[in-house]
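The following exercises concern a single protein chain. Please work through each task before reading its solution.

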Amino acid sequence: MDDIPFVDSLEDQHFVKATKFIELNTSSFPQNQLLSFYGLYKQATVGPCTTNIPGILHPQARAKWYAWNKLHQLDKSSAKLEYVKLLDELQPDWDSSRGSAWVSVSRPKRQEEDECIDEEEEHLLTTNIKDSWLEGVRHELRSGKYTNQLNKLDKSGLGIIHWAADRGDASVLRCILQTPGINVNLPDIAGQTALHYACSCDNYDCVKLLLMFNADRGLGDENGTTCIEVALCEKIRELLKDDE
């Protein structure tokens, strides 16, 4: 990874430590998770992706480009927090040295923010999707609070269906797809559908599920790139071809 400019803040210290952990333990994570870390890392250290999409003959470079480009609405500070949060979710015990200091600094602050949450804040449904908490997702969808928000994009430029496909939990994605009114082909701010996300993250079960719910594999994003062009996994590529 590139060198990270050092800023003596708690946020930066956690981020730097997390990147070092990933760098030393890449073999512990599957490709789709490493792509997520890569995208967050580039967004946190460089900012929005401004490079051209690599050619189709360079599938790994294209996958990295997509992982980074889809985060272009996320500011650097938020990307650092998301990077550490993702590592916390995947390996909760990765940094035992944080201990109570992490709780005392971060958790109370988040509680205060939740008390004055507004419509620009991430809603609980999205949080539950990111955490792969199926019962929480079901509860929020049944509440009826999100009837008019199912196909809206959040401040990151994604809909709930994109977050579900990106996280790769097929049970959560199925719950969302079974919700009346959901648009299976909803484009994000860059024109990418949930099928683009599932393909680029090697989430085979999610790809199969989206196709079952009539996701359009022929749709291109704002650059005209289709789902099969972002799929690294040959198994997924074959599935998309078989569906033609």
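Helices (H or I, at least four residues) and strands (E, at least two) are DSSP runs, numbered from the N terminus. The model is a predicted one, in which local features need pLDDT of at least 70, side-chain atom pairs count only at pLDDT 80 or more, and totals for chains, interfaces and linings use all residues. Residues are numbered from 1 along each chain as its sequence is written, and side-chain values use heavy atoms, with hydrogens and water left out.

**Exercise 1.** Determine how many helices and strands the protein chain has.

Solution. Counting the runs gives 13 helices and 0 strands. Read from the N terminus, the order of elements is accordingly α-α-α-α-α-α-α-α-α-α-α-α-α.

**Exercise 2.** State what share of the residues of the protein chain is buried.

Solution. Begin with the cut-offs: buried means under 20% relative accessible area, exposed over 50%, and partly exposed in between (1.4 Å probe, protein chains only). Under this rule, 43% of the 244 residues of the protein chain are buried.

**Exercise 3.** Describe how helix α7 and helix α9 pack.

Solution. Step one concerns geometry. Axes are lines fitted to C-alpha atoms, for helices over the stretch in contact, and angles run from 0 to 180 degrees between N-to-C directions. For α7 (residues 134–142) and α9 (residues 170–177), the angle is about 10° and the axes are 9 Å apart.

Step two classifies the angle. Angles under 35 degrees count as roughly parallel, over 145 as roughly antiparallel, 65 to 115 as roughly perpendicular and the rest as oblique. Therefore α7 and α9 are roughly parallel to each other.

Step three lists the residues in contact (heavy atoms within 4.5 Å). From α7, Leu-134, Val-137, Arg-138 and Leu-141 meet Ser-171, Val-172, Cys-175 and Ile-176 of α9.

**Exercise 4.** Examine the phi angles of Ser-132 and Asn-214.

Solution. Most residues other than glycine have a negative phi. Ser-132, however, has a positive phi of about 55°, and Asn-214 has one of about 70°. Ser-132 lies in the loop between α6 (124–130) and α7, and is partly exposed at a relative accessible area of 30%. Asn-214 lies in the loop between α11 (204–212) and α12 (227–230), and counts as exposed at 63%.
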